[in-house]
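Hi,

Here is the structure I promised to send over.

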Amino acid sequence: MKPVNSPQQLIGARTLVVLLCLVGTELTLKHVGGFGWWTVNEQSERYGWRMLPSQDARGRDLTVVESINSEGFRDREWEAPQRGPDGAWQKDETLFRVAVLGNSMSFGTSVPIEGVYSRQLERLLQVELDSRGDDRRALVMNFAVQGYVFEQMARVYDDIAARWRPDLLVVPFHPHDIMPMRPSADDADYDFRTWVLRSATYDMLERHVIDRWLPPVPPKAAESVRSLGPTPDELPLRFRDWAALDLSITEQPFKRDNRRWWRLAGERMQGLLEQVEQDGGRLAIMALPRWRRHFRPKVMDADSFWAGWAWERRPRVLRVSPWPLFEQGMAPVLADLRATGMELGTTHDLTTLTWTDSAGRTHRGDELASAEQSLHLLGDMGHFTAHGHSALARALMDAVTDAELLGP
Amino acid sequence: MLFNSFSYLLFLWTVYVLFWTWRDRRSWRHSMVLVASYWFYGQAHWGYTSLLAISTVVDYFAGLGIDRARERGDKRGARRWLAMSLTSNLGMLGVFKYFDFFVDGFEALFTRMGMDAELWHLDVALPVGISFYTFQTLSYTIDIYKGRMRASNRFLDFALFVSFFPQLVAGPIVRAVDFMPQLENPPKLEPSRVSSGLFQILRGMVKKLLMADVLGAHVVDVAFADGQSLGQLGAPALILVTYAYALQLYGDFAGYSDIAIGSARVLGFELKKNFDAPFKAINLEGFWARWHISMSSWFGDYVYIGMGGSRAGLLKACRNAFVAWTLVGLWHGAAWTYVLWGMYHGAWLALVRLIRQVLPGGKLPDRWFVRLLGWAFTFHVVAFSMVLFRCQDLSQFGVAVSRLGDWSAGLPSLESGPRGLALMFPGAGALRSIPWQVLLVMLLGYATHLMPERWLTRTEARWVATPAALQGLVLAAAILLFFALRPPGLSPFVYFQF
């Protein structure tokens with residue numbers, strides 16, 4: 001074959017095609033396929049996963065913007081915490097600062113940021129402070145990360161939130177949060193990782209190839225024990241047991257076999273309480289309402305455990321139970337739902353509400369006349385609407401007022 | 001910087017463009033590749049570039065010294081220069097690679113003798129690739145001493161030979177006699193060679209990312225995580241792990257060599273083949289003629305033959321083979337597992353020589369079933385030795401050997417899992433199952449390894465004949481495929497530790 005005179009002759013076609021293919025695939029997947037819009041996480045040995053900082057992503061239906069700040073949380077940019085002369089983190093006395101931990105329910109999946117209960121609580125607190133002539137500014141910092149269980153939330157407080165010395169720490173709790181922390185599959189730092197993770201191409205590959213067809217990489221023996229959470233010695237779990245445990249805790253969190261997870265959560269919460277008090281703050285535990293409880297009165301929420309736990313430590317712990325507000329707020333929606341003849345007792349937090357009318361047409365929950373008033377998202381009942389967040393904010397505000405945290 | 005990273009692809013592309021842009025400017029071209037090579041090496045540890053520089057300077061002058069002494073007929077002078085080269089290179093290797101190993105040995109000895117000795121340790125990280133480039137420069141001075149080549153009087157060219165980035169950190173161990181002449185002639189940019197180089201790189205990536213890393217993450221690393229996890233395996237699981245590791249090690253190292261050879265080829269250089277389907281070998285000598293060829297031929301030429309080879313009779317030939325392969329083991333690392341691994345191979349090679357003496361015509365009959373038996377035997381002798389190679393210490397190897405005899409847990413069975421079928425092992429070991437996807441990788445790995453060489457040659461010829469734009473399309477698809485199918489993260493090459 002004849003030698004080539006100009007390197008451009010060789011580089012040109014091949015490099016150009018590679019670049020065009022990669023860029024074309026990326027743009028097509030993003031703008032036509034709808035990939036690469038969701039919030040992107042990266043693996044973390046300490047937390048299991050974390051959100052990549054400084055990203056403007058979209059929620060599940062791609063309509064809600066989820067801006068992640070430089071600390072990796074869905075909130076506005078925060079001022080850096082300050083250290084005192086002794087090197088310890090300092091409390092800002094000009095603020096009434098609340099830190100909210102949590103997962104997707106507190107993150108506000110599918111809800112615009114101003115509708116999330118952390119923001120609504122901030123506004124309620126500010127109004128209250130202003131009405132009292134208190135010069136302090138209310139600031140609620142949202143540290144929720146989607147998918148986190150309690151152990152991960154507690155680690156976020158220990159490592160990150162505690163630096164701001166909040167006046168109040170809110171731990172929202174769903175019974176599933178007793179689940180031990182899942183080990184991180186990988187915490188490798190490789191070149192261009194954040195670019196890769198943010199790309200639509202990776203999103204597509206992850207959803208349609210990696211998560212669907214490829215077996216998850218098993219952690220090495222030592223890692224599988226190390227990453228389990230609160231007290232590794234007591235948790236002889238192996239990787240393949242995770243799915244079974246997850247199912248058990250999701251379906252029957254209070255059954256005998258799962259009691260030890262509540263005990264471990266209680267011990268972890270005790271540690272958190274002591275830390276929060278040492279930091280000059282108060283702890284509030286909020287039992288998040290469960291969809292199924294509307295139809296099956298025997299279904300218990302996290303309050304069944306934390307109410308007694310908080311009672312034993314009164315008045316150190318604020319117990320927040322928004323259930324009555326939810327029961328009341330959901331009444332018209334439930335009436336409409338019952339009228340459809342749907343078997344509501346069998347619905348699950350993670351299913352989508354659908355029913356078939358007499359003409360054989362299928363309807364979705366969010367087509368109901370009263371859907372606008374619902375506190376649960378009717379297409380994703382494990383999460384809340386802005387109304388639901390509003391109820392959570394009110395319940396928290398009531399607890400703050402009752403405990404006289406803003407003064408008598 | 002790892003070959004299996006994006007950074008390397010960008011780095012290689014940049015070097016490629018500059019190299020061919022300056023193809024008519026020899027000093028610019030060579031200087032650029034030299035700087036790029038030091039930068040490449042410095043990514044691992046900048047401080048250790050000084051060792052590379054020392055080795056270069058010492059052997060450059062040693063080469064000139066030997067050459068001039070030979071010209072004068074001054075044998076003693078040549079020997080003195082050679083001794084300096086040997087002392088410098090082996091000294092460097094001894095200090096950075098073996099010092100702590102021997103200190104540990106002395107400590108253990110003193111403890112056995114009832115003395116409480118805590119000796120000083122160097123405690124430094126092993127300079128990446130030191131075993132490769134010291135042997136490369138040694139071959140240069142020895143070849144000049146033996147009169148196989150003349151010394152180079154171009155320092156830049158010699159420095160480039162020592163530090164040439166594709167083979168710098170994990171071989172192949174290039175001989176000056178093969179490489180230096182390539183620096184003399186102006187390079188010619190031939191599309192077919194560039195295409196062939198890219199094919200080699202792709203092949204290497206497949207071996208590393210889709211074969212070695214997958215088997216490592218899903219099978220080998222889980223089983224060998226610690227002594228406890230290995231101790232929980234039954235014999236069937238351990239046998240499968242052994243097969244997986246043999247393929248992983250091959251994929252990892254041969255993958256590196258392929259990428260090295262391909263990278264050199266796109267820059268117009270030819271490096272010799274380092275692996276030639278080693279698991280096709282039907283005897284142990286054949287295996288070593290196919291596995292890490294540049295290293296085994298180095299030890300063959302400079303140690304085995306240097307000690308007399310087979311010239312001084314059968315028993316001395318057996319002794320020489322044993323000693324040479326014990327040193328091969330030690331070359332791989334400062335650990336008793338490597339030494340024992342080398343001795344194991346040395347002993348087998350010596351035994352093969354002895355058996356050959358009693359065979360009619362010095363070889364086995366050339367029948368298909370004899371070849372098949374020979375292949376199966378050789379493969380298992382090699383695969384078993386790789387367990388020793390992989391174990392962290394001799395006690396872990398002891399556990400592995402004891403588990404090979406344990407069939408009490410029964411045979412594995414195919415069961416349905418969350419993402420399809422998986423081979424489930426009875427018992428409660430760390431490795432409870434191997435998913436079908438991983439089994440498929442293993443099966444395809446061995447199948448492609450054992451397929452006739454001409455199939456691969458034909459595929460390469462087709463690739464070379466493919467228009468560049470179409471190659472670009474395949475390359476883009478390959479990049480995406482590597483992303484999707486490889487395990488998360490970036491695992492370094494196994495041979496980096498040597």
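This is a predicted model: local features need pLDDT of at least 70, side-chain atom pairs count only at pLDDT 80 or more; totals for chains, interfaces and linings use all residues.

**What I found**

If you want to find the pairing on screen, go to A:Leu377: its bridge partner in strand 13 of chain A is A:Asp380. Strand 13 of chain A runs over residues 380-384 and is mostly covered, with four of its five residues buried.

Over in chain B, the domain assignment gives domain 1 as 24-186 and domain 2 as 193-485. Their C-alpha centres are 27 Å apart. How many residues of domain 1 of chain B are in contact with domain 2 of chain B? There are 17 from domain 1, and they meet 17 residues of domain 2. On the domain 1 side, the elements giving two or more residues are helix 4 (75-112), helix 5 (130-145), helix 7 (165-168) and helix 8 (176-184) of chain B. That side of domain 1 divides into nine nonpolar, five polar and three charged residues.

Helix 13 of chain B (residues 293-304) is also worth a click. Its buried residues are B:Ile293, B:Ser294, B:Met295, B:Ser296, B:Trp298, B:Phe299 and B:Tyr304. What covers them includes helix 12 (284-288) and helix 14 (314-332) of chain B, along with helix 5 of chain B, one of the helices listed above for the domain 1 side.

Cheers

Notes:
Residues are numbered from 1 along each chain as its sequence is written. Chains are lettered from A and ligands numbered from 1 in the order in which they are written. A residue is buried if 20 or more other C-beta atoms lie within 10 Å of its own, exposed if 12 or fewer, and partly exposed in between; C-beta atoms are placed from the backbone. Two strands pair if DSSP finds at least two bridges between them. Domain bounds come from an automatic or database domain assignment. Two residues are in contact if their C-beta atoms, placed from the backbone, lie within 7 Å. Ala, Val, Leu, Ile, Met, Phe, Trp, Tyr, Cys and Pro count as nonpolar, Asp, Glu, Lys and Arg as charged, and the others, Gly among them, as polar.
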